[in-house]
Amino acid sequence: MLVKNAKIFLEGHWAYRDLLLEDGLIREIAEQIDPEGHEVLDAAGHHVSPGFIDVHVHWREPGFPHKETIAQASRAAARGGFTTVMPMPNLNPVPDSLDHLQEQLDLIAQHSVIRALPYGAITKEELGAELADLTNLADRVFAFSDDGRGVQDANTMYEAMRLASQLDKPIVAHCEDNSLIRGGCMHDGKRSRELGLPGIPSICESVQIARDILLAEATGCHYHVCHVSTKESVRLVREAKANGIKVTCEVCPHHLVSDENDITHDTGLWKMNPPLRATEDRQALIAGLLDGTIDLIATDHAPHAREEKECSMTQAAFGIVGSETAFGLLYTYLVKSGLFTLEDLLALMTSRVADAFELPYGRLAVGQSADLVILETETAYTIDPDQFLSKGRNTPYGGQEVYGRVVATICQGKLVYEEDSNEHIKNKYR
């Protein structure tokens, strides 16, 4: 395939180039490449980025296809510009052994249109007690996580980090001290008090991060913090990095563009874990991205069935979908507002993700995997959950006008999403 007239960021500036893709790799980048004998995709002067990388998604198979299938999830991710994703292990069966992992790997091989690198669990059945079979899982998984649950016992996490360090695998942690949840369903702040809903305090997250940073220092493990949401968490990670501890972290789009003030009434569509925090927390997250404390952006895409979200926050499941809304929300709120440049945002979704985990993706260069996303940034559109390729409709951003749209996505040289064929894809895989 030949991608012509692509606007790519090259040596510090945007330049028009053609890209020749062969055998899953970028074979040539030049000002003009003869189209003779090639399938041509005209980028028409659109921005072309490396395919986005998402280290935090919840693909619901095996175990929960009523929420979303891998076929649906992978196509939703492709529509959002993602060519590499890392599915979390809160599945049935939990991938805590090779046998359990194999069921997930087989489904991915059969149904995913993009690259999916699954996590292995830290503990058996994600119960936080006995370690999973980390040694035998290590060669088949991206990293280890019990995401959805914080590992409550410090010794269990210490032993997991010691072994993960020996295996040269990251520990990726959902940080939540169960003793501080207090039955909460949103941030413990002014809005929870106004709505009369039980709140989750910020220290529920930051207390466990503080513990784990010290364990990471003691073990030499690469420790990655999922979805940081509080100013205290940012401060802890900043201090850890200053002291040479191998800590990385991520932030989600919803924690960057929204805070507790956006929750005007009791609806499960705004229920997520961690919850939307106070304005000063959101500002601290943006500052953490700008100064490099926060390494990357990840969606925490978490589809649920309609009846699990269209109810009170006290009854709803935690989580919102994010694969198809991430770029538009981030471009609109961060780039068009002038807080970030487009190249800053793209790096946070590509090269900085690759750098944090030493991945061979995330760059447009000869010899690299042919993972590309073609972007249109000038035209406004409205987020419409009814048009999602994801089975999940659970987003609070429906009806919002945004900029930043994926025109086409190419993974390993194959066209896996094209805007004009959206209806065909929906009809085929819904």
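Reply: About 16400 Å² of accessible surface is what the protein shows in this predicted model, and carbon and sulfur atoms own 46% of that surface. As for the inside, 61% of the 430 residues count as buried. The chain folds into 13 helices and 20 strands. Its radius of gyration is 21 Å, close to the 22 Å from the globule rule for 430 residues, so the protein is as compact as a globular protein of that length. Along the principal axes, the C-alpha atoms fill a box of roughly 65 × 50 × 45 Å. Take the contacts with a separation of 6 or more: 73% of them come from residues 24 or more positions apart.

Now to the rings. There are seven aromatic pairs in the structure, one of them being Phe 142 with Phe 357. That pair is tilted, with 4.9 Å centre to centre and 50° between the planes. Phe 142 sits in the loop between α3 (134-137) and β9 (144-145), while Phe 357 belongs to helix α12 (residues 351-357), so the pair ties together parts that lie 215 residues apart in sequence. And are these two buried or exposed? Both Phe 142 and Phe 357 are buried.

Elsewhere, ring pairs join Phe 52, Phe 82, Phe 327 and Tyr 331 into a cluster.

Arg 115 lies over the face of Tyr 361, 3.9 Å from the ring centre. Lys 336 does likewise with Tyr 403, lying over the face at 4.3 Å from the ring centre.

Conventions
Residues are numbered from 1 along each chain as its sequence is written. This is a predicted model: local features need pLDDT of at least 70, side-chain atom pairs count only at pLDDT 80 or more; totals for chains, interfaces and linings use all residues. Side-chain values use heavy atoms; hydrogens and water are left out. Rings of Phe, Tyr and Trp (its six-membered ring) pair if their centres lie within 6.5 Å; planes under 30 degrees apart count as stacked, over 60 as edge-to-face and the rest as tilted. Helices (H or I, at least four residues) and strands (E, at least two) are DSSP runs, numbered from the N terminus. Buried means under 20% relative accessible area, exposed over 50%, partly exposed in between (1.4 Å probe, protein chains only). A charge sits over a ring if NZ of Lys or CZ of Arg is within 6 Å of the ring centre and within 35 degrees of the ring normal. The radius of gyration is taken over C-alpha atoms; the globule rule is 2.2 Å times the number of residues to the power 0.38. Contact means heavy atoms within 4.5 Å. Accessible areas come from the Shrake-Rupley method with a 1.4 Å probe; for residues, only the protein chains shown count as cover.
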